[in-house]
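Subject: Structure for your review

Dear colleague,

Please find below the sequence and the structure that I am handing over to you. My notes on what was found in it follow directly after.

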Amino acid sequence: MTQAATPLVRNVDARHRYEILVDEVSAGFTAYRDRDGQRVFFHTEIDDAFAGQGLASVLVQEALSHVRDSGKRIVPVCPYVAKFLKKHEEFADITDPVTPEILQWLEATLAR
């Protein structure tokens, strides 16, 4: 059995998402849009071929750490990101609630 490669998480700003790569193959992503000083996460997806390896957790952990380092705040519209934040209170200080205003803004932004 070969040792699995360490997954690599990168921010692809032009595509508004963080991608996770395993052996240089894209295994999934978490998508966001920026609003003022907030990074609004709205969708996380791991390819079926990579399911069950804990990659979503690695991806979101790295993405949220990057948000912290960049001085932004997190808005967890994505159910997976919201669930992750419930278990990882170290991000509570930079997490903002999901409000109807943010949801309307996100809908309008994504419709463009």
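The side chains of Asp 96 and Gln 38 are joined by a polar contact of 2.8 Å. A polar contact of 2.7 Å links the side chain of Asp 96 to that of Arg 73. Please bear in mind that this is a predicted model.

Asp 96 is located in the loop that runs between α2 (79-87) and α3 (100-111). Its relative accessible area is 15%, below the 20% limit, so Asp 96 counts as buried. Leaving out residues up to four places away in sequence, Asp 96 touches Gln 38, Arg 73, Ile 74, Val 75 and Pro 76.

The sheet

Five strands make up an open sheet of mixed pairing, in the order β1-β2-β3-β4-β5. At its edges are β1 (8-12) and β5 (73-76), each of which pairs on one side only. From one strand to the next, the twist averages 30 degrees.

β1 and β2 (residues 17-22) run antiparallel and are joined by five bridges. Within this pair, Arg 10 has Glu 19 of β2 as its bridge partner. Arg 10 itself belongs to strand β1. With a relative accessibility of 41%, which falls between the 20% and 50% limits, Arg 10 is classed as partly exposed. Apart from neighbours within four places in sequence, the contacts of Arg 10 are Arg 17, Tyr 18, Glu 19 and Leu 21. Arg 10 and Phe 29 are separated by 19 residues in sequence, and their C-alpha atoms are 9.4 Å apart.

β2 and β3 are also antiparallel, with six bridges between them. Here Leu 21 stands opposite Ser 26 of β3. The two strands form a hairpin with two residues between them, and Asp 23 in that turn has a positive phi of about 50 degrees.

β3 (25-35) and β4 (38-46) pair in the antiparallel sense through eight bridges. Across this pair, Tyr 32 stands opposite Phe 41 in β4. A hairpin with two residues between the strands is formed here as well, and Asp 36 in the turn has a positive phi of about 50 degrees. As for burial, β3 is mostly covered, with eight of its 11 residues buried.

The helices against the sheet

Helix α1 (residues 55-70) lies across β1, β2, β3, β4 and β5, and runs at about 165 degrees to β4. Does the length of α1 agree or disagree with what its residue count predicts? At 1.5 Å a residue, its 16 residues should span 22 Å, and the end C-alpha atoms are 22 Å apart, so the two agree.

Which residues of α1 are buried? They are Leu 55, Ala 56, Leu 59, Val 60, Ala 63, Leu 64 and Val 67. Viewed down the axis of α1, these buried residues fall within an arc of 155 degrees and therefore line one face of the helix. They pack against β1, β2, β3, β4, β5 and α2. Just after α1, Gly 71 adopts a positive phi of about 80 degrees.

α2 lies across β3, β4 and β5, running at about 115 degrees to β5. Its buried residues include Val 81, Phe 84 and Leu 85. Seen down the axis of α2, the buried residues fall within an arc of 100 degrees, so they line one face of this helix. That buried set packs against β3, β4, α1 and β5. On the face of α2 turned away from the buried side are the exposed residues Pro 79, Lys 86 and Lys 87.

In summary

- Asp 96, in the loop between α2 and α3, makes side-chain polar contacts with Gln 38 and with Arg 73.
- The open sheet has the strand order β1-β2-β3-β4-β5, with β1 and β5 at the edges.
- The buried residues of α1 pack against the five strands β1, β2, β3, β4 and β5, and against α2; those of α2 pack against β3, β4, β5 and α1.

With kind regards

Definitions and conventions. Residues are numbered from 1 along each chain as its sequence is written. This is a predicted model: local features need pLDDT of at least 70, side-chain atom pairs count only at pLDDT 80 or more; totals for chains, interfaces and linings use all residues. Side-chain values use heavy atoms; hydrogens and water are left out. Helices (H or I, at least four residues) and strands (E, at least two) are DSSP runs, numbered from the N terminus. Buried means under 20% relative accessible area, exposed over 50%, partly exposed in between (1.4 Å probe, protein chains only). A polar contact is a pair of N or O atoms within 3.5 Å; within protein, one must be able to donate a hydrogen and the other to accept it, and residues adjacent in sequence count only if both atoms are side-chain atoms. Contact means heavy atoms within 4.5 Å. Two strands pair if DSSP finds at least two bridges between them. Axes are lines fitted to C-alpha atoms, for helices over the stretch in contact, and angles run from 0 to 180 degrees between N-to-C directions. The expected span of a helix is 1.5 Å times one less than its number of residues. The arc is that of the directions from the helix axis to the C-beta atoms.
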